[in-house]
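Reader: I have a new structure to look at, and I would like to learn how to read it. Could you walk me through it?

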Amino acid sequence: NFWGDANQAEEQAHAVEEKKGGEEEEEERELSDIAKRMLGMLTKQCSFLVEERVRKTIETLETEEQLPRKIESILKSLSVESQADINKMIQFFTCTVETEDGEVETDLIDPQDAIVALRHFIDHQTKNATLQTSKKNQMLSMEERLKDRRRREEREFWRRMAHVIPEGNLRIWTALEKGLERYIVLLQDRSKLIDETDGIRHQNDELRALLNQYMGSRINEELFSP
């Protein structure tokens, strides 16, 4: 909004600390006298910019509330959203005049020229928007080129990494790997044989102990007695 009362003021929202629940406070800034006069001229000479539906709604308001709402509707239709946009518009609705004292002052153009000035302002805004869009597209195009370049560099990097080992070394390492695999199988077989040998040795020790026990038994002495 560009008014806080019937004299038109611009409201600018500022976010406050999140700890306070995201409450907002508004700061009003008075428009210059020439800006107010320009907006008043717009409501008279360019009232066709107010949509019919909005016009009917405004007509139901109090008299002192109608002017700010008309201005708001006109500025919205022109996509004027900031103080900077209003200052830019003033450049198209003002001219220099020479006073009786010979001094040069800035004043509004003749109301009859308002529509022409408005057309020039719209043309300027359209060209500026087109230029901004073109710059944005150029930036996007440059970003896409950079992304494509990075992708090519990544593909080249992994291609080189795939051939970082010489073919001769690769064959040697492959043969070494197969030889080590066979050696592991032999070691596993040998481990099994060792386990089996330890088991047989343990059984022999048990049999030897039982045989010694049997040979030392008293009943054997009686069997050998004449």
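**Reading the fold step by step**

Author: The protein chain has seven helices and four strands; helices (H or I, at least four residues) and strands (E, at least two) are DSSP runs, numbered from the N terminus. This is a predicted model, where local features need pLDDT of at least 70, side-chain atom pairs count only at pLDDT 80 or more, and totals for chains, interfaces and linings use all residues. Residues are numbered from 1 along each chain as its sequence is written, and side-chain values use heavy atoms, with hydrogens and water left out.

Reader: In what order do the elements of the protein chain run from the N terminus on?

Author: They run β-β-α-α-α-α-β-β-α-α-α.

Reader: How should I read the packing of two helices?

Author: Two packed helices are described by the angle between their axes and the distance between the axes. Axes are lines fitted to C-alpha atoms, for helices over the stretch in contact, and angles run from 0 to 180 degrees between N-to-C directions. Here, helix 1 (residues 33–45) and helix 4 (residues 83–92) have axes that come within 10 Å and cross at roughly 75°. Helix 1 is therefore roughly perpendicular to helix 4 (angles under 35 degrees count as roughly parallel, over 145 as roughly antiparallel, 65 to 115 as roughly perpendicular and the rest as oblique).

Reader: Which residues of helix 1 and helix 4 meet?

Author: Contact means heavy atoms within 4.5 Å. On the helix 1 side are Ile34, Ala35, Met38 and Leu42, and they meet Ile86, Met89 and Ile90 in helix 4. This contact has seven nonpolar residues, no polar and no charged; Ala, Val, Leu, Ile, Met, Phe, Trp, Tyr, Cys and Pro count as nonpolar, Asp, Glu, Lys and Arg as charged, and the others, Gly among them, as polar.

Reader: At what angle do the axes of helix 1 and helix 3 cross?

Author: At roughly 85°, and the axes come within 10 Å. So helix 1 is roughly perpendicular to helix 3. Leu39, Leu42 and Thr43 of helix 1 make the contact with Leu67, Lys70, Ile71, Ile74 and Leu75 of helix 3. By class, there are six nonpolar, one polar and one charged residues.

Reader: Is cysteine 46 buried or exposed?

Author: Buried means under 20% relative accessible area, exposed over 50%, partly exposed in between (1.4 Å probe, protein chains only). Cysteine 46 is buried because its relative accessible area is 0%, while cysteine 95 is partly exposed, at 31%.
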